[in-house]
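Hi everyone, thanks for coming.

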Amino acid sequence: MNDLLIWLVEPLQFGFMRRALLVSVVAALVCAVLSCWVTLIGWSLLGDAVSHAVLPGVVLAYVFGMPFSVGAFLFGGLAVAMIGAVRGTTRLKGDAAIGVVFTGLFALGVVLISRIPSQVDLNHILFGNVLGVTDGDIAQVLVISAITLGIALLRRRDLTLYAFDPTHAHAIGLRPKRIGALLLTMLALTVVVALQAVGVILVTAMLITPGATAFLLTRRFPRMLATASALSVGSGIAGTYLSFHLDTSTGGMIVLCQAALFLLAYLFAPGQGLVRELLRRRTRRAAAAAAP
């Protein structure tokens with residue numbers, strides 16, 4: 001018991017760990033909430049596109065001395081607009097348009113990183129640097145998170161109806177295009193928040209895995225939101241602690257914890273877990289073999 005207490009308290013003696021825990025928990029919560037709608041609508045690939053497309057915006061924001069969040073948000077919006085333009089003016093399907101735009105913008109960001117001399121390791125944008133966040137970074141994360149969660153709370157019914165049945169949403173007077181645009185804006189804001197914790201490459205996992213895990217565990221959307229949030233925040237805390245004690249990447253460990261929870265849900269989820277399904281099949285085969 002004493003060893004466990006030491007294990008829990010030791011990281012909190014360091015200011016950078018307290019800041020890392022705060023940012024990890026906030027980012028995990030925001031990503032979890034949005035991941036539920038992303039999962040239901042089927043926007044996982046779009047979330048991947050936005051998270052990668054912000055890279056050149058972050059690099060250019062550094063060059064011009066602006067907050068990283070400004071460049072990330074602008075290029076996230078630019079990516080969405082470019083994808084919409086390509087889909088609307090060509091015969092390409094949505095997944096092809098998304099793939100072309102986000103890989104092009106991501107490649108631009110990689111080239112800029114390789115060419116711009118910097119005293120700041122811009123590779124941290126790729127893989128996250130939650131242990132190096134400053135008070136200014138924390139303030140940005142808290143403000144953007146509050147805006148995103150506030151919008152989600154105020155418009156949760158409209159967003160949920162849009163996710164389940166856009167046609168019905170239009171029939172009762174809602175405007176699906178506006179709701180979709182609002183959700184895309186929230187997606188861009190969430191990417192900005194998560195960049196501080198896990199970097200560009202792992203943002204996609206935080207935007208998809210919590211919602212996908214909760215989807216396997218429950219069929220009720222309010223419970224899905226609560227489950228995704230709890231699992232994501234728990235992974236954020238556990239991943240941060242484990243990275244400290246094992247001397248590993250914090251962002252990578254957070255996402256690894258989320259992946260482990262998804263694996264458990266995939267195997268043992270009530271009703272649709274793989275293990276239960278295999279037991280059902282075995283029971284049916286045994287019953288069929290025993291029948292005259």
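Some housekeeping before that. This is a predicted model, so local features need pLDDT of at least 70 and side-chain atom pairs count only at pLDDT 80 or more, while totals for chains, interfaces and linings use all residues. Residues are numbered from 1 along each chain as its sequence is written, and side-chain values use heavy atoms, with hydrogens and water left out.

When I say helix, I mean a DSSP run of H or I with at least four residues, numbered from the N terminus. For packing, axes are lines fitted to C-alpha atoms over the stretch in contact, and angles run from 0 to 180 degrees between N-to-C directions.

Let's start with helix 11, residues 176-217, and helix 2, residues 15-41. Helix 2 and helix 11 pack at about 55°, with axes 6 Å apart. That makes helix 2 oblique to helix 11; the cut-offs are under 35 degrees for roughly parallel, over 145 for roughly antiparallel, 65 to 115 for roughly perpendicular, and oblique for the rest. What sort of residues make up the contact of helix 2 with helix 11? There are 24 nonpolar, 5 polar and no charged ones. Here nonpolar is Ala, Val, Leu, Ile, Met, Phe, Trp, Tyr, Cys and Pro, charged is Asp, Glu, Lys and Arg, and polar is the others, Gly among them.

Next, helix 8, residues 135-154, against helix 11: the angle is about 155° and the axes sit 9 Å apart. So helix 8 runs roughly antiparallel to helix 11, and this crossing is left-handed. On the helix 8 side, the residues that meet helix 11 include V141, I144, I147 and I151, and among their partners in helix 11 are L182, M186, L189 and V193. Contact, by the way, means heavy atoms within 4.5 Å. By class, the contact of helix 8 with helix 11 splits into 10 nonpolar, 4 polar and 1 charged.

The last pair is helix 11 with helix 12, residues 221-246. Their axes are 8 Å apart, at an angle of about 130°, so helix 11 and helix 12 are oblique to each other. The crossing of helix 11 and helix 12 is right-handed. P210, G211, T213, A214, F215 and L217 from helix 11 meet M224, T227, A228, L231 and S232 from helix 12. That contact has 7 nonpolar, 4 polar and no charged residues.

Okay, the core. A nonpolar core is a set of buried Ala, Val, Leu, Ile, Met, Phe, Trp, Tyr and Cys residues joined through side-chain atoms within 4.5 Å. Buried means under 20% relative accessible area, exposed means over 50%, and partly exposed is in between, using a 1.4 Å probe on protein chains only. The largest nonpolar core has 73 residues, and L34, W37, L55, L187 and L195 touch the most other members. Which helix gives the most to this core? Helix 11 does, with 20 residues. As for L34, setting aside residues up to four places away in sequence, L34 touches L183, M186, L187, T190 and L207.

Now some single residues. Beyond four places in sequence, Q258 touches A205, M206, T209, P210, T213, S232 and S235.

L217, back in helix 11, is partly exposed at 34% relative accessibility. Leaving out neighbours within four places, L217 is in contact with T227, L231, A265, A269, P270 and Q272.

A169 sits in helix 10, residues 166-171, and is buried, at 0% relative accessibility. Outside four places in sequence, A169 is in contact with L161 and L174.

Finally, D247, in the loop between helix 12 and helix 13. D247 is exposed, at 70% relative accessibility. Its phi is near 55°, a positive value in a residue other than glycine. Most residues other than glycine have a negative phi.

Conventions:
Helices (H or I, at least four residues) and strands (E, at least two) are DSSP runs, numbered from the N terminus. A crossing is left-handed if the near helix is turned anticlockwise from the far one by less than a right angle, and right-handed if clockwise.
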